[in-house]
Every structure is written in structure tokens, then in C-alpha cells.
Amino acid sequence: MARPKSQTAALMASPEDIEAEFYEALQRGDIERLMAVWSDDEEIICVHPGGPRVIGPLAVRATFEALFAEGPVNVRPAQVRRVQAAGCAVHNLLERVEVLTAEGPLTAWVLATNVYVKGALGWRLVAHHASGGSSEEPPEISEAPPVLH
């Protein structure tokens, strides 16, 4: 039985807690657990790799129900970059997705951004945006090192 969000909020006191719960729910194919991390806001947004922008809890739920109809998603977050300000956190990360194909297991890499907002019930996910996957781990480009002359 799914816990009400008010009880769940106490267990997920940080954006990192919500993120861990989100990916655990994906790995288990647990729609109730997954939806518990989302805000109750009618304007929540989800973009699956190569898909359209999905807005609102009912539409977001429907996309994950369709995804879970194929079974749990073997996805693990990696290389998380975090930016946090008062009441808002943005995490940009790589998702390592293991896919079983007729040719055997394959790894796909997806760039994703998760946005969290702190409200009355604690931190909640308000946006998840995932890019198209790649079979190669994408490079990370940061500031160029200073050049000595």
C-alpha cells in the first residue's frame, strides 16, 4: 500500500532523498512509489528521451504506466551535478540504462535534468527532462584549464 505524501515527505528531507527514491521506483517498476516523489502541482513536467513534453500528474503517470508495462527500468544515476538555492534544486546527471536486447544486454547513456522544489510537504520533483540515449558515455566539458605562456 502506498504511503500518503505527507508521511513520505518526512522520509525525503532533501533533493537527494527524492532523487534516490525516484530512481529506486524506476528500478522496481513501482508507479505508486514513483508518483509519490512528484509535486501535486498541476504543472509538473516530464520529457522522456525523444518524447513530447508531458504536463500534469495524470499525463505523467500515464507515461510511466506505459513504460512499466514493459517491466522495471534498470537505470542508475551517475555524475550528478547539483545547483541549489532557497527552496529549489536542479540536478543534471547521466542516467546509465541497462537494456536487454535480442543481441544481449546493452548500456545506454541518457543526459537528464531533475528539478526539485521545497514546499509544505518537503522536497518534491517538479520536472524531469531526459535526452535521447547514446551507446557511448557522453564526454563532460567544463572550463578549459588556464594556459601558461
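These points describe the fold, the confidence, the aromatic pairs and the salt bridges of the structure above.

1. The model is a predicted one, and its confidence should be read before its details. The mean pLDDT of the protein chain is 88, with 88% of the residues reaching 70 or more. Confidence is lowest in helix 1 (residues 5-11), where the mean is 50, and highest in strand 1 (residues 45-47), where it is 98.

2. As to the overall fold, the protein chain contains 4 helices and 6 strands, and from the N terminus on these elements follow the order α-α-α-β-β-α-β-β-β-β. Among the contacts with a separation of 6 or more, 51% are between residues 24 or more positions apart.

3. Of the 149 residues in the protein chain, 36% are buried. The accessible surface amounts to about 9000 Å², and carbon and sulfur atoms account for 57% of that area.

4. The aromatic pairs number 3. One of them joins Phe22 and Tyr23, whose ring centres are 4.9 Å apart and whose planes stand at 80°, so this pair is edge-to-face; both of these residues are buried. Another joins Phe64 and Phe68, with ring centres 6.3 Å apart and planes at 45°, so this pair is tilted.

5. Phe64 and Phe68 both belong to helix 4 (residues 57-68), where, being 4 residues apart, they are separated by about one helical turn. Phe64 is buried at 2% relative accessibility, and Phe68 is also buried, with a relative accessible area of 11%. Together with Phe22 and Tyr23, these two residues form one aromatic cluster.

6. The structure holds 6 salt bridges, including one between the side chains of Glu16 and Arg82, with an N to O distance of 3.1 Å. This pair links distant parts of the chain, since Glu16 lies in helix 2 (residues 15-28) and Arg82 in strand 3 (residues 74-85), 66 residues apart. Glu16 is partly exposed at 29% relative accessibility, and Arg82 is partly exposed with a relative accessible area of 48%.

7. Arg28 is exposed at 53% relative accessibility, whereas Glu24, with a relative accessible area of 23%, is partly exposed.

8. In helix 4, Glu65 and Arg61 are likewise separated by about one helical turn, being 4 residues apart, and their side chains meet in a salt bridge of 3.0 Å, N to O. Salt bridges with shared partners join Glu32, Arg61 and Glu65 into one network.

How values were computed
Residues are numbered from 1 along each chain as its sequence is written. Side-chain values use heavy atoms; hydrogens and water are left out. Helices (H or I, at least four residues) and strands (E, at least two) are DSSP runs, numbered from the N terminus. Buried means under 20% relative accessible area, exposed over 50%, partly exposed in between (1.4 Å probe, protein chains only). Contact means heavy atoms within 4.5 Å. Accessible areas come from the Shrake-Rupley method with a 1.4 Å probe; for residues, only the protein chains shown count as cover. Rings of Phe, Tyr and Trp (its six-membered ring) pair if their centres lie within 6.5 Å; planes under 30 degrees apart count as stacked, over 60 as edge-to-face and the rest as tilted. pLDDT is the predictor's confidence in each residue, from 0 to 100. A salt bridge is a side-chain nitrogen of Lys or Arg within 4 Å of a carboxyl oxygen of Asp or Glu.
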